[in-house]
Amino acid sequence: MGIHLDIKGIPTMTKTAADVIYYNGYIYTADAQNRVVNAIAIANGKVLACGSVEELKQHAHPHTEQIDLQGKMMMPGIIDGHMHPFWGGEQLSGCHLNYESLTIEQILERVQQHLDKDILKGENDWLKVTAWLRQGMLPAGVDMYRSDMDRLNTKRPVILFSNDCHTLLANSRALELFGIDKYAPEPSDGKIGKDQDGELNGILEDAPAMRAADSIPSLNAEQAVKVAAMVQHELNKQGVTAVMDARVSPLQLDAFSKLQKSGELTVRFQAAKEITPDDAHSVEAVGKAVENAVAFANRYHQAQWTPEPGIGLHNIKMFVDGVLQPPTMTASLLEPYTINVGTEAAPNWQVTERYGDLYFTAEILDELMEKIAAAGFDPHLHTVGEGAVSIALDAIEKMRAAHPGKDIRPGLAHNELVHEKDYARFAHLGVIACLSFQWAAPTTELIAAETMMLGAKRMENLEPIAKFIDAGAVVAFGSDWPIDALDEWYDLKVAATRQGRTVDGVTPPRLDNDRNLTVTEVLRSATIDSAYAQHREDVIGSLEPGKFADMIVLDRNVFDIPAADIENVKVLRTVVGGKTVYCA
């Protein structure tokens, strides 16, 4: 593995000495020219030089570590621009339904098996069951309620938390501890489910579900650090070197801060602080809500990063609407939903008066955008449906007029259904489309259901990716883990194919309403463009002299393989700030 750079005759230290030189590789830099080089020199945690072996000879000195890439591909580390890493870490253990399509009886059987062997038995010992695929339950169209949960043989509070993290199903004991009864007022930012008799059915949707989940007694500080350490290892293993936590809490930030202080942080951690509709319940309340969010952010934000991984909090998050997929259907639309009022065997799809939900009024959202921009922060908005996207762009347009020339980089996350007029507005207003690429590969069954729910015309703008790029907008990749399993290379594959995974020889149909991304577009969205979305493109996102040495080595060259093979990529080495943090 010794490098064969001839350093004879070069006076020692005439040029800056490299700590490490990687050579004999296919090194994709993601710079403005998309350069590919075969050698890269690292010094003091930063890229010293990129180029040919001949060009890098001048930086090779007797103490330089010399690593032969043996023709392997190297590229910048993945920057996941929207995820919930701590939630994901908590789901790596405990009772987990693995995103599977299950019947009510199968779910109850799995939960009961966990309850029977769990060392916790007290009637106040919570059980949080995660990765419940509510929209994929069997038989198709079936739903599950408190009456089902109450059949479990336990006195403990038990909840199912859906994979989209927007739905929670509670048993009676859990509802009691949440303090929710049938007299609970209807919230402004979600739903508390009731049956026809006005009794609670156990379903909480959108913000009430998240608030309830947040209120469950959580980990202590020591346990949280262990979860954070586990999370960063799983991320590094997939080649992730930086993340943006899209809804952060003090427990999470304190855990990652403790890792940083002990020199054990191996992922750059950016985050967003949420403002809820309760915080900004009126135009007059917006100023105080933003002031509180900024004060919280400033407790943790590190404006200047070094090669050693740091923490940043420069985004303020709002949920503008909910979830598109049935049965939740709380994403805001410009035209009403169509729903099946019949059965799966005898469907009867009827246009409704249901347009989904908007959790902020236009006036409040306008004020939020202006005040957040005035404070110098970037808005990061959950916008799933075309109605939410449209109202958010309107607010950002007013924000731009109020703060012309100010470097504010608003991001709209998800954008699953977009009106065709709005792609160009993303580009014109400098709005970043933060997209979970894997959602462009719905199952055959979901494609059929969504076609009926939305109609053929609107299906043409479902799960867009390339349409944003073709309109001139910046697209940043964000996996949204644990909404889906952590599988970065599968997600990137979907962007290049718009097809899901082949299972038992069966490949689902391509969502044929947008073009595939090129490999270069895919990689840039997960590197330099995601860095731009985080205001960190000056130090990460590409391999260029002066930037941090955040890079990964792959087992295959993604430019030389069929796009469908991208999901099989394995990361051989992950380097953050010049230090190897993962080696296969």
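This is a predicted model: local features need pLDDT of at least 70, side-chain atom pairs count only at pLDDT 80 or more; totals for chains, interfaces and linings use all residues.
**View 1. Packing of helix α7 against helix α8.** Helix α7 spans residues 221-237 and helix α8 spans residues 250-261. Their axes lie 8 Å apart and cross at an angle of about 70°. Because angles of 65 to 115 degrees count as roughly perpendicular, α7 and α8 are therefore roughly perpendicular to each other. On the α7 side, the contact is made by A221, A224, V225, A228, A229, V231 and Q232. The α8 side contributes L251, A255, F256, K258 and L259. Sorted by class, this contact of α7 with α8 comprises 10 nonpolar residues, one polar and one charged.

**View 2. Lining of the second largest pocket.** At least two lining residues come from each of α2 (85-91), β7 (127-132), α6 (207-215), α7, α8 and β13 (268-274). Helix α2 supplies the largest share, five residues. The lining of this pocket divides by class into 16 nonpolar, 12 polar and 11 charged residues.

View 3. Apart from neighbours within four places in sequence, S162 is in contact with W132 and T167. The C-alpha atoms of S162 and R134 are 6.2 Å apart in space, although the two residues are 28 residues apart in sequence.

Methods
Residues are numbered from 1 along each chain as its sequence is written. Side-chain values use heavy atoms; hydrogens and water are left out. Axes are lines fitted to C-alpha atoms, for helices over the stretch in contact, and angles run from 0 to 180 degrees between N-to-C directions. Helices (H or I, at least four residues) and strands (E, at least two) are DSSP runs, numbered from the N terminus. Angles under 35 degrees count as roughly parallel, over 145 as roughly antiparallel, 65 to 115 as roughly perpendicular and the rest as oblique. Contact means heavy atoms within 4.5 Å. Ala, Val, Leu, Ile, Met, Phe, Trp, Tyr, Cys and Pro count as nonpolar, Asp, Glu, Lys and Arg as charged, and the others, Gly among them, as polar. On a 1 Å grid over the protein atoms alone, a cavity is a set of points where a 1.4 Å probe fits but cannot get out, and a pocket is an open set with protein on both sides within 12 Å along at least five of seven lines; lining residues have an atom within 4 Å of a point.
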